[in-house]
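Please look over the sequence and the model below, then read on.

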Amino acid sequence: MSDSKGSDKSKKNKKKKEKEPDITFFHPELLEIPEDGSPAYLKGYKCKKCGQLDFPKLTPCPSCWGTDFEMVKLSRKGKLYSVTDIYIGQPGMKTPYMFGYIDLPENLRIFAQMEGEIGSFKCDEEVELTTGTIRTNMDGLPVTSYKFTKPSV
Amino acid sequence: MKMQREVFIAGVGETVFGKHNVDYDVLGRQAAFQALQASNIDRPDVVQTAYVGNGLNGMGAAQRVFRDLGMCGKLAIIRVESACSAGAMAVYSAIKDVTTGVADISIGVGCENHTMHRATGTAFAMGMDDVEGMQGAVMTGKYAMRANRYMHETGATIEDLAMITVKNRKHATNNPHAWFKGDISVEAIVNSRMIAYPLTLQQCCGISDGAGAVIVCSKEMVKKLGIEKPVKVAGAVVQSGPYHNRPRDITGDDITESSAQQLYEESGIGPEEVDIVELHDAFTIAELLYYECLGMCKKGDGLKYLRDGQSTYGGQCVFSPRGGMLSYGHPIGASGAAQIAANVKQLRGECEGYQVDPIPKVALSHVTGGGLGGTEHAACTMHMLTKAW
């Protein structure tokens, strides 16, 4: 949705400022938004030594201290384990916003913001990956990242 | 920790908690001075090592606490930090010195001033290098998710959660150290400002300032100082929170459960023998979950335990007799030490107006710390204290 916007702004930003601009995409190691328009996906990392799959990437593998990983595309749909609506948030973040724990079939739990109407999410409902603005960076620009929302019908 | 020799608490101190116009070092010094005097110590060269728990008040904080007491230059003073667990961890460190023989007498202080240093209207959050932090995580929200899941699974309501605040504020009614105290209705709690659904303002600990101090020593030192009511440290535990990125039950709390198990084993005292508990009731839901995690009741029976009055006067075990964090507020570096100070005063029967009756003989304290992404808590510190006179 806002993937192209995000990269445009980061390009503009680079021209405008001499100092290192703050990030507008969080984060290439966590999330891929393919340029061909196919659906975005989260990136899991499978340890080549012991096979443990982690998100986010942990280096070294906390299970066997392996340092070689294979990227695995994670499922786009999962189950919302729990959720909350935040009315007093982090400094500088607009409220209300929502976040929750999403359990993926790969036996991974993702902490992410929810996209949709405040108060509309319930425990155990199915949700789907989307992308959007999660916060504003230090240059005042939107940061694009992964979010979860109600599945498109 | 494995105790190598017996350790006793000689004296404790705690400030009034609330909004203070003096900084953390003044508060820490007030609590430390009270504890020194309560331990019959009348000069600055008696205590041999010192630990100061403090979260956010800058560098060199530990030594500043002791400067005006004339103690700097006479002993090693070490700062301890683990977010909300810092104060208890300072006391743990002092106990460790005494049980190992590094020192015969040591002091643990927890102190913090938030209101002079923090902007209001924002919530405590994880750092920006944390994936959860980038996504907007705040501690209130992490507890709110535990509450939502608990309500989803058990049918508990916001009104049930509010009963924790009602109980703890009632316990604090006559406690001069507590900030928010006395009668408050379930309705007023439920209708207070929403912070993180379902947690309303009156279900969250206040951002406050304060300090607590605890002096621990060997058996010989108890005699030398002439301590009439020594309190024995029957157990002291610090654990770090296991990392998780997989589905798990957040209506439990792995680190609290495993720390409690270690404490019960090492002290030889089971949950059924504990008379009072000060725990990490930073939010209402926490106390409810921890009844179960501490083994005070069966998994899933926390709500029944509360409704049956088992956690207040006349019940199986009085939880938060000082009023807990819901009454004191939660200066993160201070709380853990202040809990221990309050427990010692209860065991000694010194809590006029809020003394648990009959006077308790066994007291437990529990405080977690930090919200590192992937853990419920970065740390957990627990202490078991018993009457020893």
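## Cysteines of chain B

The sulfur of B:Cys293 has its closest cysteine sulfur in B:Cys297, at 9.4 Å, which is too far for a bond. A disulfide would require the two sulfur atoms to lie within 2.5 Å. Over all chains, the structure holds zero disulfides.

Both cysteines are covered. B:Cys293 is buried, with a relative accessible area of 7%, and B:Cys297 counts as buried at 15%.

## Confidence of the model

The model is predicted. It scores ipTM 0.93 and pTM 0.94. Chain B averages a pLDDT of 95, and 98% of its residues score at least 70.

## The sheet of chain B

Chain B contains an open sheet of 10 strands with mixed pairing, in the order S3-S2-S4-S7-S1-S8-S12-S11-S9-S10. Strand S3 (76–80) and strand S10 (318–319) of chain B stand at its edges; each has a single partner strand, so one side of each is left without a neighbour in the sheet. Helix H1 (residues 24–38) of chain B packs on this sheet, where it touches strands S1 (8–14), S4 (105–112) and S7 (210–217) of chain B. The direction of H1(B) makes about 140 degrees with that of S1(B).

Within the sheet, strand S9 (residues 276–278) of chain B runs parallel to strand S11 (residues 362–369) of chain B, and three bridges join them. Here B:Glu278 stands opposite B:Ser365 in S11(B).

## Helix H13 of chain B

Helix H13 of chain B has 13 residues (335–347), which at 1.5 Å a residue should span 18 Å; its end C-alpha atoms are 18 Å apart, in agreement with that value. The helix is mostly covered, with 13 of its 13 residues buried. Just after H13(B), B:Gly349 takes a positive phi of about 70 degrees.

## Strand S9 of chain A

Strand S9 of chain A (residues 126–136) has eight of its 11 residues buried, so it is largely enclosed by the rest of the structure. S9(A) pairs with strand S6 (residues 77–86) of chain A in the antiparallel sense over three bridges, and A:Gly78 stands opposite A:Val127 in S9(A).

S9(A) is also antiparallel to strand S10 (residues 142–149) of chain A, to which eight bridges join it. The bridge partner of A:Leu129 is A:Phe148, in S10(A). S9(A) and S10(A) form a hairpin with five residues between the strands, in which A:Gly140 takes a positive phi near 85 degrees.

Notes
Residues are numbered from 1 along each chain as its sequence is written. Chains are lettered from A and ligands numbered from 1 in the order in which they are written. This is a predicted model: local features need pLDDT of at least 70, side-chain atom pairs count only at pLDDT 80 or more; totals for chains, interfaces and linings use all residues. Side-chain values use heavy atoms; hydrogens and water are left out. Helices (H or I, at least four residues) and strands (E, at least two) are DSSP runs, numbered from the N terminus. The expected span of a helix is 1.5 Å times one less than its number of residues. Buried means under 20% relative accessible area, exposed over 50%, partly exposed in between (1.4 Å probe, protein chains only). Two strands pair if DSSP finds at least two bridges between them. Contact means heavy atoms within 4.5 Å. Axes are lines fitted to C-alpha atoms, for helices over the stretch in contact, and angles run from 0 to 180 degrees between N-to-C directions. pLDDT is the predictor's confidence in each residue, from 0 to 100.
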